[in-house]
Amino acid sequence: MTKVVILLGAGATLADVATKPRKQRPPLDKRFFSDASLTTQKWRVEHVRTYMKQTYDRDVMVSAHDSLEGVMGQIYTDLFNPLLEASALDAFRQLIKLFNTRLAATTNDIRATNKRLLYRIIASYLSHGVKPSDLTIVTFNQDIQVEKTLDLMSTVDRWRSIAEEIFNFPGLYSLGPSAPEVTFPARAPEESLFPQKRSSSGCIKLLKLHGSLNWYSTHSSATPTRAAMFKANRKIRITSRRTIDPNMTLTGKQRKMFTLPVIVPPVSHKSAVIHQDMAPLWRQAEEALKEADELIIFGYSCPPLDFESSNQLRRSQLNRTVSAAISLIDPEPAIAARYISLLDARCLRYYASAADFIKNG
């Protein structure tokens, strides 16, 4: 049976909203601060801007320095400098909040439909007989667009007999035998929540290597310490909400608890901030990539400084007796050269858009 891996990056989400104004599109690395300054989160931009000006005499609103990954990486490094730690931590919290809030605000209203590009790609493979258990989605996105897509597909009559194999929440995350607790907000309308399914080992897997906006940890303070933010064994919970509030609070029996999405921020050497429950996802992803007969890379450029991701991809294709059939979907043709070099690809088909892939793939 054909084993298929779909590898997703931010471009996969952007492809469905490319005609929206920049401030309404999901954030990208370049022009992140300029775009965010057009929203109600401008005050958070100014907070980070002030820190970078005072510490490095760099203005994040100038194009040469307007980079989410560049600024995030610099401030993260400063967290471990005793002379900068206090001010850097405050700036880092604000930047994390800014990123989470922007991502939620720009993706919450992207409704899943059978016209969406990812829906059509997955539907094509299912229609051609690929079993859900042989389809793995590996994503570096923290939004929940894939979940919304699979949830919709599971309600379609033609696949009703395998509905729980298409969307098995939260089993699709493969977070291990001691699966995180799923929280169902009280008094929330049923249609606003993902339905929880019974466990299934034969479902489509969704491996979220950079975490997810609907995975969260709880904290007694709205300003958690560095240790609390990156504690490797902090308890992960999953909210069943279809829309995400990254500033969600919980009212406990004794006190209010604050939440923080469990994501891997865009910094170099991500292994230092990956939660212990997420490490097995990287191993599963690499194994799936090794075994894949087909690999579809949709909207992920694999930045050169993302060492963990590029090394994983390179290792997964070494010493294969039969090369995977690789399809790259990206509007930038130069990305193809990177993947040909990175994967030593003998067979790579390039498509400028997902529509081209669906039509000609």
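**Figure 1. Helix α7 and its buried residues.** In this predicted model, the buried residues of α7 are Gln145, Val146, Glu147, Lys148, Thr149, Leu150, Asp151 and Met153. Buried here means under 20% relative accessible area, with a 1.4 Å probe and protein chains only. Because eight of the nine residues of α7 (residues 145–153) are buried, the helix is largely enclosed by the rest of the structure. Helices are DSSP runs of H or I with at least four residues, strands are runs of E with at least two, and both are numbered from the N terminus. Residues are numbered from 1 along each chain as its sequence is written. As for the ground rules, local features need pLDDT of at least 70, side-chain atom pairs count only at pLDDT 80 or more, totals for chains, interfaces and linings use all residues, and side-chain values use heavy atoms, leaving out hydrogens and water.

**Figure 2. The largest nonpolar core.** A nonpolar core is a set of buried Ala, Val, Leu, Ile, Met, Phe, Trp, Tyr and Cys residues joined through side-chain atoms within 4.5 Å. The largest one holds 102 residues, and Ile75, Leu95, Ile122, Leu150 and Tyr339 touch the most other members. Helix α5 (residues 85–107) gives the most to this core, with 10 residues. Take a look at Ile75: counting contacts as heavy atoms within 4.5 Å, and leaving aside residues up to four places away in sequence, Ile75 touches Val48, Tyr51, Met52, Ala88, Ala91, Phe92 and Leu95.

**Figure 3. Ser240 and its surroundings.** Ser240 sits in the loop between β6 (237–239) and β7 (249–251). Ser240 counts as buried because its relative accessibility is 0%. A polar atom of the Ser240 side chain lies 3.0 Å from the backbone oxygen of Thr183. Beyond four places in sequence, Ser240 touches Phe169, Val182, Thr183, Phe184, Pro185, Ser192, Leu193 and Phe194.

Figure 4. Cys203 is buried because its relative accessible area is 4%, and Cys302 counts as buried at 0% relative accessibility. With a disulfide taken as a pair of cysteine sulfur atoms within 2.5 Å, the count comes to zero disulfides.

**Figure 5. The lining of the largest pocket.** Of the 42 residues that line this pocket, the closest to its centre are Gly9, Ala10, Gly11, Leu28 and Gly299. Helix α1 supplies the largest share of the lining, four residues. A pocket is an open set of points on a 1 Å grid over the protein atoms alone, where a 1.4 Å probe fits, with protein on both sides within 12 Å along at least five of seven lines; lining residues have an atom within 4 Å of a point.

How values were computed. Buried means under 20% relative accessible area, exposed over 50%, partly exposed in between (1.4 Å probe, protein chains only). A polar contact is a pair of N or O atoms within 3.5 Å; within protein, one must be able to donate a hydrogen and the other to accept it, and residues adjacent in sequence count only if both atoms are side-chain atoms.
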